[in-house]
Amino acid sequence: MCDLMPASGALPGVGDCDIDAFLTKLRAETTALTWVGLCLAALLWLVTPVVTLGVPLPALLLGANARDRHILALTSTRIYLLRQAVFLLKMYASMCWGQHPSVRSHFNLAAYPVDPGTFRTT
């Protein structure tokens, strides 16, 4: 997710937006199918540089420029499943980024109030 939405100028990247806490909360609140889909999308991103770049390395071991080329290749591939996997990762990265107080303050928006936890009932 951090490669999909890096910092740019004064805007923080998703890596600056407490992504670990976001993913922990997401895991606790989402359905198993959604979580499995997100994990599979991350796994596809990890193992597909051999397809997109012809490099037999996991995406984590690529340099920054190679990871950028890998992401570009995944988002523009003709293979629909790969494009959708990247879309899923970017969607959740955007949720993490867009709700973060530092991003909201950059756009002169008030921070979201604390979640009252009333959405789900048991």
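Leu43 is partly exposed, with a relative accessible area of 44% (buried means under 20%, exposed over 50%, and partly exposed in between, with a 1.4 Å probe and protein chains only). The model is predicted, so that local features need pLDDT of at least 70 and side-chain atom pairs count only at pLDDT 80 or more, whereas totals for chains, interfaces and linings use all residues. Residues are numbered from 1 along each chain as its sequence is written, and side-chain values use heavy atoms, with hydrogens and water left out.

Leu43 lies in helix α2 (residues 32-47), helices being DSSP runs of H or I with at least four residues, numbered from the N terminus. Together with Val36, Leu40 and Val47, Leu43 forms a nonpolar surface patch with about 340 Å² of accessible area (patch residues have over 30% relative accessible area and no salt bridge, nonpolar side chains being joined within 5 Å; areas come from the Shrake-Rupley method with a 1.4 Å probe).

Helix α1 (residues 19-29) packs against helix α5 (residues 80-99) at an angle of about 120°, the axes lying 10 Å apart, where axes are lines fitted to C-alpha atoms over the stretch in contact and angles run from 0 to 180 degrees between N-to-C directions. In this pair, Ile19, Phe22 and Leu26 of α1 meet Tyr92, Met95, Cys96 and Gln99 of α5 (contact means heavy atoms within 4.5 Å).

The structure holds 1 salt bridge, defined as a side-chain nitrogen of Lys or Arg within 4 Å of a carboxyl oxygen of Asp or Glu. Asp3 itself is partly exposed, at 22% relative accessibility.

Definitions and conventions
Patches are made of residues with over 30% relative accessible area and no salt bridge: like charges are joined within 9 Å, nonpolar side chains (Val, Leu, Ile, Met, Phe, Trp, Tyr) within 5 Å. Helices (H or I, at least four residues) and strands (E, at least two) are DSSP runs, numbered from the N terminus.
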